Amino acid sequence: MPRPDSDPPLSAEETECLRRGIDEAMIRYAGAFTPLIVTRASGAVMIDERGRRVLDFTSGQMCAVLGHNHPDITAAIHRATREVTHLLSTILAPSVIRLCQRLGALVPDPLAKSMLLNTGAEANEAAIRMAKLFTGGFEVVSFGGSWHGMTGGAFSSTFSFGRQGYGPLMPGTGALPAPNCYRCPIRHCTDRCDTTCLEVGFELIDRQTTGAPAAVIVEPVLSAAGIIDLGPGYLAKLKTMANDRGYLLILDEAQTAFGRVGDLFAFERDGVPPDILTLSKTLGGGLPLAATVTSAAIEERCHQAGFLFLTSHVSDPLPAYVGLAVLEIIERDRIVERARETGRYLREQLEALRRAHECIGDVRGRGMLLGMEIVLDRERKTPAPELGHQIMDRCLELGLSMNIVRHPKAGSIFRIAPPLTIERPEVDEGVAILDQAIGECWRAGQSSGSKSGG
Ligand SMILES: Cc1ncc(COP(=O)(O)O)c(C=O)c1O
């Protein structure tokens, strides 16, 4: 795959004009924008307005699993623009039917039927609506720290941040403690979750329910909550406890499906297929494509009950061409195996950094969805929000884009998730930048005696 090493920079006037455009013409939807403007991206590399090469350890917003602008994805987009891009929502094109067939063949029984949407929030919204129709209930349980998207139903089951200031959310939402064994939510386990938090969580849910269960919706590796992998056995127990109470289990594999965690689907490790599976970010390889997948029995009951989820871009042919290309590349280029190998290597490098830098409290995660928690004091696990942001800023100056996921107690957890196609030398380059940035920021904090470093 061709990779840009550098590009001519934008002129000073052009850059100034764009910066003014940001101030004058753009709504700030998530705090401040990252201080670079990307003019081109390919593979794991972005080129900024200065013509500088910046390595991407975030896969964009976790969607560019196959790298930026993969030529086969570009070709699929071109093909769609020659054949068919958009239709009346009830008219189907071959690419849409084929992608649903393909997904049906990849998932285990009884999962079989799919609908194609655009975003992760939409896929979860559809899943929650199906669960409500199927069960006749309305109560939805998710994890503290979860992120399921910005639309009404999905956001009501999002407990990481952003709930204040927007008025009432959906009634009937509840939260289970996220099983974070580095910072056990019930102060019970260290290093390994024994699922006591799950039992405690359901004891509380059982007391709060009005007797109208609909769904438990969870991520198999919680991402926004701080890269928390559900330990072996947890998912099976969760499914049993949920189903016994009348909840359907919805697994939100927005970030984890299609190789990211070293399996095609994260639930494969546990052998626990959900009642409804939602797929998004990784399915579109950088384009907006999502799917809600369920069994024929659930689909039939919902259809009989009049299931409605009609959006402008449901079953759009263009993203379906892209989804087919993504699945083909994953199979042809052995992306799952490759992610497993690169993930193992990357983790070894991050463990080595942990040995070298006392401000790295924990390295965790699965496959190529890794977390690195920055602390001021390893013994006490003192959160280090400022230091983490200093490291992130320094990485960007040195040519590495990193992302901090927020956890209210921990402050700074890096989500380290490069494209699955990243080359070894690029991994080494990124880790070397991280090493330098951590060392410099930690030493600067020590010598100034500030909170950030010592
Ligand atoms: C696990 C998970 N589910 C759902 C979503 C929402 O996806 P989208 O932003 O495409 O609506 C996200 C987005 O970050 C996510 O991480």
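Predicted model: local features only at pLDDT ≥ 70, side-chain atom pairs only at ≥ 80, totals over all residues.
1. Ignoring neighbours within four places in sequence, its contacts are Val141, Leu238, Ala242, Tyr247, Leu249 and Ile250. Val216 also belongs to the largest nonpolar core, which counts 128 residues. Val216 is listed there among the residues with the most contacts inside the core, together with Ala131, Ala215, Ile250, Ala291 and Leu370. As for which element gives the largest share of this core, that is helix H10 (residues 317-332), with nine residues.

2. Next, have a look at strand E10 (residues 248-252). Five of its five residues are buried. Leu248, Ile250 and Asp252 sit on one side, with Leu249 and Leu251 on the other, and both faces are covered. As a reminder, side chains in a regular strand alternate between the two faces of the sheet.

3. What does E10 pair with? Strand E7 (residues 213-218) runs parallel to E10, and four bridges link the two. Ala215 has Leu248 of E10 as its bridge partner. E10 also pairs with strand E11 (residues 276-279), again in the parallel sense, over three bridges. In that pairing Asp252 stands opposite Thr278 of E11.

4. There is also an open sheet of four strands, ordered E1-E2-E3-E16, and its pairing is mixed. Strand E1 (38-42) and strand E16 (400-401) are the edge strands; each has a single partner strand, so one side of each has no neighbour in the sheet. E16 is joined to strand E3 (residues 53-56) by two bridges, and these two strands run parallel. Leu55 is the residue opposite Leu400 of E16.

5. A few backbone spots deserve a look on the screen. Most residues other than glycine have a negative phi, and most peptide bonds are trans. The bond from Asp109 to Pro110, however, is cis, with omega near 0°. Pro110 is in the loop between helix H4 (94-106) and strand E4 (111-117).

6. Met62 is not a glycine, yet its phi is positive, at about 70°. Met62 belongs to helix H2 (residues 59-62).

7. Asn69 is another residue other than glycine with a positive phi, near 50°. Asn69 lies in the loop between H2 and helix H3 (71-82). With 17 other C-beta atoms within 10 Å, Asn69 counts as partly exposed.

Technical notes: Residues numbered from 1 in each chain as written. Core = buried A, V, L, I, M, F, W, Y, C linked by C-beta atoms within 7 Å. Buried ≥ 20, exposed ≤ 12 C-beta atoms within 10 Å, placed from the backbone. Contact = placed C-beta atoms within 7 Å. Pairing = 2+ DSSP bridges.
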